Amino acid sequence: MAIRKSNKLSQAAVIKQIMKRCSSLTKKHAGYDEEGLPVDVPKGHFVVYVGENRSRYIVPISFLNKPQFQMLLQRAEEEFGFDHDMGLTIPCKEDDFQSKMELI
């Protein structure tokens, strides 16, 4: 009996893809260094956009391990998929996002 390898990417691989895609979208804009990273985002953090107005939030990478944040990422995947040009957008109201982030 052969062991089948799953075609699904690990969650870590998916997150790496998201981060790479988000950073590559911004390489040509002002406010970014030569590697395409935003100059106002501290090391160990990344940017997400939340709500109808796409408000920008800087969150620690450690949030990627938190179940509350992973649920938000799953909602983003369901609504937008991983192949869109809008940066990492979280589909929820700003107030809800802020409340969830306070609990982490």
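Visitor: Does Leu64 count as buried or exposed, and at what relative accessibility?

Guide: Please keep in mind that this is a predicted model, in which local features need pLDDT of at least 70 and side-chain atom pairs count only at pLDDT 80 or more, while totals for chains, interfaces and linings use all residues. Residues are numbered from 1 along each chain as its sequence is written, and side-chain values use heavy atoms, with hydrogens and water left out. A residue is called buried under 20% relative accessible area, exposed over 50%, and partly exposed in between, using a 1.4 Å probe and protein chains only. Leu64 therefore counts as buried, with a relative accessibility of 11%.

Visitor: Where in the chain is Leu64 found?

Guide: Helices (H or I, at least four residues) and strands (E, at least two) are DSSP runs, numbered from the N terminus. By that numbering, Leu64 belongs to the loop between strand 2 (55-60) and helix 2 (67-80).

Visitor: Which residues does Leu64 touch, not counting residues up to four places away in sequence?

Guide: Two residues are in contact when they have heavy atoms within 4.5 Å. With residues up to four places away in sequence not counted, Leu64 touches Ile15, Phe46, Phe69, Gln70 and Leu73.

Visitor: What pattern does the protein follow when it is read along the sequence?

Guide: The protein has three helices and three strands. Read along the sequence, these follow the pattern α-β-β-α-β-α.

Visitor: What is the angle between the planes of Phe46 and Phe69?

Guide: Rings of Phe, Tyr and Trp (its six-membered ring) pair if their centres lie within 6.5 Å, and planes under 30 degrees apart count as stacked, over 60 as edge-to-face and the rest as tilted. The structure holds three aromatic pairs. One of them is the edge-to-face pair of Phe46 and Phe69, whose centres are 5.9 Å apart and whose planes make an angle of 80°.

Visitor: What arc do the buried residues of helix 2 cover around the axis?

Guide: In helix 2, the buried residues are Phe69, Gln70, Leu72, Leu73 and Ala76. They lie on the same side of helix 2, because the arc they cover around the axis is only 155°. That arc is taken from the directions from the helix axis to the C-beta atoms. An α-helix has 3.6 residues a turn, so residues three or four places apart point the same way.

Visitor: Which exposed residues does the face of helix 2 turned away from its buried side carry?

Guide: Here we look at the other face. Turned away from the buried side of helix 2, it carries the exposed residues Pro67, Met71, Glu78 and Glu79.

Visitor: The charged end of Arg54 sits over the ring of which residue?

Guide: Arg54 is found in the loop between strand 1 and strand 2, and its phi is near 50°, a positive value in a residue other than glycine. A charge sits over a ring if NZ of Lys or CZ of Arg is within 6 Å of the ring centre and within 35 degrees of the ring normal. The charged end of Arg54, 4.5 Å from the ring centre, sits over the ring of Tyr49.
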